[in-house]
Amino acid sequence: MGDGRWRTAGSALMRVIVVWAVSTLTMLVLAGILPDFQLQSDDGDSITKTAFTAAWGAGAFGLLSALVWPVLVRALLIVPALVLGMLVFFLNGSLLLIALRLIPDGRGAADPQMAVVVAAVMSAVASATSTALAVRDDNAYRRRLSRLADRRRRRSRSGSGAGADGGPPGTVFIQLDGVGHDVLAQAAADGLMPTVAHWLADGTGHRLTPWRTDWSSQTGASQLGILHGTNFDVPAFRWYEKETGDVMVSSRPASALEMQRRAVIRTHDGGLLTLDGAGRGNLFSGGADQLALVLSMAARRGKGRRSRAGYFAYFADPANAVRTALSFVAEVGREIGQSTRARLRKETPRIKRGGLYPFIRAFATVVERDVVVAAVIGDMFAGRTAVYADLVAYDEVAHHSGPRSRDAEKVLARLDRSLALIVKVAEHTPRTYRIVLLSDHGQSPGETFAGVYGLTLKDLVRAGSGLPVPRRAQRTRSGSEARDAVRIALHRPVDGDRQEDLANPSEPVVLASGNLGLISFPDLPGRASMEQLDRRHPALLSTLANHPGIGFLLVRSEAHGSVVLARGGTRIPVAELRDGDGPLAPFGPGAAAAVRRTDTFPHVADVMVNSMYDPETGTVHAFEEQIGSHGGLGGEQSRPFLLWPRGMTDPLDAAAAEGEERPAELVGAETVHRVLRRWLNEVSGPQVPVGRPDRAGDADAGTGARG
């Protein structure tokens, strides 16, 4: 035992010496090739003295990075997270200048701008050297990856004791946001995702199955159902509530918190993660005690609002900070290059990708990914029972480049490398982990509605209502989770739709959720009927139903109950809808049931509009500025996936409620919740329900967001 400790200590000391030596050499090289950076006196020094100066400076810089950097990052948690990422270079340069001032006789000097460059290169080289040395030693590799989890592990052991070695296996759920079943299978077959391909090829590995979303095929509805067991009364990504005059937006913190509160009250249960769970990068907490970058938490105040501490856990390591900052800059450049190439080649479909979008994309594909993966690694080393994390990189890029574009494929390849890292970490964690991969929806390609027809859905509604229409079609705001996550990271309010859209109560409110549109009339109480709309706007419903870009409408009739309207005067009562027949035939199995379920929601819009869908090409027309979209019915957007290790109960068996027959397929996010809960219960026992539903918003909307 004693010999082992001495051997470990000696190995660690040798790694420190090697990293120090490489850093010294790097500093010498930089001093030789960079202007305004010197390690000699003005009169010149011998090689030995210059080397000693470099060694002193490199050692001082390394020591300052280890001791001062975590304190600086914690002090700067009040700074917006995205700004903190940009401050990485300035802070690193400042530490280098201090290190140079500590060199005896003042031999080290650099201009502030040059100090930033030198510090970035030295941090990157030191990180690469340390990692290369660690790869040769499994114990060192484990120690390096687990460093971010040290504080959380100590808290866990002093609390519930969940971090103890051994015990039943834990479960890590990784949500690849927006990746459809067929996209994942193709990426694995083409070698883009070797980790997934290995799982599928290995006879003892994982199994893959699709599942079918509800009508609202978007993260707000799907993740709420998966984490909290119900997505009742979530008709779309955004919807209008007449009784309050509010627009609910799934990616707005206040709306996410309210959606979560309603779900907990309805189910009388805290969520999937109430037993020693952790939520990372999600819209909702799932009842987890350990949270980082969870959107609903951003609406809370006081000590409960500590979801951003996940940034500290990651950026406290200067090597992580520099690597992510450099990757962020590279991703911005990559997006600018890719969008320029698409424009020069006149690729279609294509949308504008300028303005802030390159930075939003870089946040989703680099910052959010790195922070969430690091948090998951920390949870695994801390021995958490259940972890649920959402990686939004693919979804964001596919919206703007297309779900099967080269840009999106490259993102899938980088996500697979993140999965490979998590798999490697699982070999060294204190308990065994089962890794489950899933998605919340897919994406369907297609030119935008405005791009094809020259007007937005709002313009068409106004024209059919006899209201003035702008000469030029205005862009419909895109419902991107990443865009609102960036605003939160910058401490900017997320206000949902602009208030001027609701300024005149006599005019319709038109909202978009991918290829699903919602039309509400604020001055008509309750759910407006077809007869009321025909009296007020005689041409509206026929204009919409007969438009070639629209597949069908859902509206309530005083005489016939709710009906589906489509081209050629088609009018079918919802109760008589059948799959494979009538206007829903192109949309495939389950479309009729999905429409009937949404029709029962208290906040279903006065008119629900689903775009056309071409089964031959798989295309839809989004009512937002997206060439890869989701939110309604039609194509791959409604066909996400579930990938689970063999040995776990088959999802179809797990989905069957007590006394019910085994279903033929997985339908709806609530069914997926039952499957995941069954898997957790099989190894950890029943999850803890909320004791008092009247306190659901406080009890399990995300209390104690730590880490």
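**Close-up 1. The salt bridge between Arg404 and Glu636 in the predicted model.** Arg404 and Glu636 pair in a salt bridge whose closest N and O atoms are 3.0 Å apart, the term standing for a side-chain nitrogen of Lys or Arg within 4 Å of a carboxyl oxygen of Asp or Glu. Because Arg404 lies in the loop between α15 (393-401) and α16 (406-426), and Glu636 in the loop between β20 (628-629) and β21 (641-645), the pair ties together parts that are 232 residues apart in sequence. Helices (H or I, at least four residues) and strands (E, at least two) are DSSP runs, numbered from the N terminus. Arg404 has a relative accessibility of 45% and counts as partly exposed, a class that falls between buried (under 20% relative accessible area) and exposed (over 50%), with a 1.4 Å probe and protein chains only. The model is predicted, with local features needing pLDDT of at least 70 and side-chain atom pairs counting only at pLDDT 80 or more, while totals for chains, interfaces and linings use all residues. Residues are numbered from 1 along each chain as its sequence is written, and side-chain values use heavy atoms, with hydrogens and water left out.

**Close-up 2. The salt bridge between Arg597 and Glu670.** The closest N and O atoms of Arg597 and Glu670 are 2.8 Å apart. Arg597 is partly exposed at a relative accessible area of 25%, and Glu670 is partly exposed at 23%.

**Close-up 3. The salt bridge between Glu258 and Arg262 within helix α11.** The side chains of Glu258 and Arg262 meet at 2.8 Å, N to O. The two residues are four residues apart in helix α11 (residues 253-267), and are therefore separated by about one helical turn. Glu258 is partly exposed, with a relative accessible area of 21%, and Arg262 is likewise partly exposed, at 29%.

**Close-up 4. A network of salt bridges.** Glu331, Arg334, Glu335, Arg353, Arg361, Asp407 and Arg414 are linked in this network. In the model as a whole, the count comes to 29 salt bridges.

**Close-up 5. A nonpolar surface patch that includes Ile17.** Patches are made of residues with over 30% relative accessible area and no salt bridge, nonpolar side chains (Val, Leu, Ile, Met, Phe, Trp, Tyr) being joined within 5 Å and like charges within 9 Å. Ile17 sits in helix α1 (residues 2-33) and is partly exposed, at 40% relative accessibility.

Notes: Accessible areas come from the Shrake-Rupley method with a 1.4 Å probe; for residues, only the protein chains shown count as cover.
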